[in-house]
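Thanks for coming. Please have the viewer open.

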Amino acid sequence: MTTMVMPALLSMALLLLVPGILSGKKNTYPLGLLVMNTQTSTPNKTYITEGVQRGILLGAMRKLNDSNKNFNFTYIDNLDYGPYLVSVNGVAGSPTSKTYWELLVKKASGEIIRPDVGIGCYITEPNEQIILKFTKFKQCESSE
């Protein structure tokens, strides 16, 4: 009997740690998303979507995709690494041209970081801007 009680108590404790799960209330905030293409002369485009306290970027991007016909993206589910961003607004990365979509985040302090997680794990925060940057792989230098 006690072996069943412990997991139940842990589950309840987890639910209490994440505000809004039981009540259905969400702590939302505007989240800026900048799409930039360093490989063409396409102008940068900024979108506004909704972030949710402790919510992941992928969810905010899906909301934007559903609410704004000018923004779309595709991703694949990699079994080892999770969601991998393939294309944004019809522009896809390519191993042949060595291009990909880089995820950057401009924090509230103005510092731009490269998260160590992708769109499926990055937890957004108020007052930050997500940057999706279409760029080329950098060549690795040989250490001979």
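The lining of the largest pocket divides into 13 nonpolar residues, four polar and three charged. In that count, Ala, Val, Leu, Ile, Met, Phe, Trp, Tyr, Cys and Pro are nonpolar, Asp, Glu, Lys and Arg are charged, and the others, Gly among them, are polar. The space in this pocket is about 450 Å³. Of its 20 lining residues, Pro-83, Tyr-84, Val-117, Gly-118 and Ile-119 are the closest to the centre. Strands E4 and E6 each supply at least two residues of the lining.

Since you will ask how the pocket is defined: on a 1 Å grid over the protein atoms alone, a pocket is an open set of points with protein on both sides within 12 Å along at least five of seven lines, a cavity is a set where a 1.4 Å probe fits but cannot get out, and lining residues have an atom within 4 Å of a point. Points are joined across faces, edges and corners, and the volume is the space filled by probe spheres set on them.

Now the provenance. This is a predicted model, in which local features need pLDDT of at least 70 and side-chain atom pairs count only at pLDDT 80 or more, while totals for chains, interfaces and linings use all residues. Residues are numbered from 1 along each chain as its sequence is written, and side-chain values use heavy atoms, with hydrogens and water left out.

On to the fold. The chain has two helices and eight strands, and from the N terminus on the order is α-β-β-α-β-β-β-β-β-β. These are DSSP runs numbered from the N terminus, helices being H or I with at least four residues and strands E with at least two. Of the 144 residues, 27% count as buried, meaning under 20% relative accessible area, against over 50% for exposed and in between for partly exposed, with a 1.4 Å probe and protein chains only. Among contacts in the chain with a separation of 6 or more, 48% come from residues 24 or more positions apart; a contact here is heavy atoms within 4.5 Å.

Next, helix H2, residues 57–67. Which of its residues are buried? They are Leu-57, Leu-58, Ala-60, Met-61 and Leu-64. These residues cover an arc of only 160° around the axis, so they sit on the same side of H2. The arc is taken over the directions from the helix axis to the C-beta atoms. As a reminder, an α-helix has 3.6 residues a turn, so residues three or four places apart point the same way. The face of H2 turned away from the buried side carries the exposed Asp-66 and Ser-67. What covers the buried residues includes strands E1 (28–37), E2 (45–52), E3 (73–78), E4, E6 (99–106) and E8 (129–136).

Ser-87 counts as buried because its relative accessibility is 8%. Its side chain makes a polar contact of 2.6 Å with that of Thr-74. By polar contact I mean a pair of N or O atoms within 3.5 Å; within protein, one must be able to donate a hydrogen and the other to accept it, and residues adjacent in sequence count only if both atoms are side-chain atoms. Leaving aside neighbours within four places in sequence, Ser-87 is in contact with Asn-72, Phe-73, Thr-74, Ala-92 and Trp-101.

Asn-89 is not a glycine, yet has a positive phi of about 50°. In E5 itself, Val-91 is 9.2 Å from Trp-101, C-alpha to C-alpha, at ten residues apart in sequence.

Last, the region around Lys-107, in the loop between E6 and E7 (112–113). Is Lys-107 buried or exposed? Lys-107 counts as buried, because its relative accessibility is 19%. A polar contact of 3.0 Å joins its side chain to that of Glu-128. Beyond residues up to four places away in sequence, Lys-107 touches Ile-113, Tyr-122, Glu-125, Asn-127 and Glu-128.

Asn-127 lies in the loop between E7 and E8. Asn-127 is exposed because its relative accessible area is 63%. It too is not a glycine and has a positive phi, of about 65°. The C-alpha atoms of Asn-127 and Lys-106, 21 residues apart along the chain, are separated by 8.9 Å.
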